[in-house]
Amino acid sequence: MRQAIAAAMVRSKQTIPHFYLSHTMDAQPAIDHVACLNADRPPSKRILLGAVFLRATALAARDCPDLNGHDNGEGFVRADAVNVGLAIALRGGGLVAPAVIGADELSLAKTMAAMRDLVARARTSRLRSREMTAGTITLSSLGESGADAMAGVIFAPQVAMVGLGAPHTRPWVVDGTVQRRTVVTMTMSVDHRANDGRKASQFIAAFETHLSRPDTL
């Protein structure tokens, strides 16, 4: 597994001219919304913050289609669907990134169900081949604890990857006052052959807008 991952990452870094953009944003509205949704849910039905991140990624990819697709060797080709690859750490070591198919068309609850299903099947070696090849953009998150930020390596032939650090509590200015908020840092890894900083910035802005309006996800 480690050898296969290493070979893929070396190939990606050698052939894709990566550039990176980072932005820290307020995750408190999303966290409060998830807490409200989970108030009366049993543990097995609770929504995790990761589902909100995946929905925001999917909707931002739909808003910014130039980052959702593949480089076919001759140039960038926009994908017809938004299939968000989800980086999943395996218990025995290693990493896979199967795709949530049609992620922009799922509700938040269905996104959570799809994530639970993918994680369970990934850890029991029951993923479908299409799920491993259909991704059009990938999301990798450090979860609830860890480093502030991460810059991932693009999964070729995709042209962008969203990396999210662990949420951290920080003083944050809201409506002119300093408040205690939970923030998260997003780092986009982008293929410079297909995109530039302006388009990547538009994607980040779209992601932040969706994250700030969790009731619309």
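Predicted model: local features only at pLDDT ≥ 70, side-chain atom pairs only at ≥ 80, totals over all residues.
Local features were taken at pLDDT of at least 70 and side-chain atom pairs at pLDDT 80 or more, whereas totals for chains, interfaces and linings use all residues. Residues are numbered from 1 along each chain as its sequence is written, and side-chain values use heavy atoms, without hydrogens and water.

Helices (H or I, at least four residues) and strands (E, at least two) are DSSP runs numbered from the N terminus. The axes of α3 (residues 49-63) and α4 (residues 108-122) come within 9 Å and cross at roughly 110 degrees; axes are lines fitted to C-alpha atoms, for helices over the stretch in contact, with angles from 0 to 180 degrees between N-to-C directions. The two helices are therefore roughly perpendicular (65 to 115 degrees).

Ten salt bridges (a side-chain nitrogen of Lys or Arg within 4 Å of a carboxyl oxygen of Asp or Glu) are found in the whole structure. Lys199 and Asp66 form one of them, at 3.0 Å from N to O. Lys199 lies in α6 (residues 197-212) and Asp66 in the loop between α3 and β2 (69-71), so the pair ties together parts 133 residues apart in sequence. Lys199 is partly exposed at 22% relative accessible area, while Asp66 is buried at 18% (buried, under 20%; exposed, over 50%; partly exposed, in between; 1.4 Å probe, protein chains only). Arg193 forms salt bridges with Asp71 at 3.8 Å and with Asp191 at 2.7 Å.

Notes: Parallel < 35°, antiparallel > 145°, perpendicular 65-115°, else oblique.
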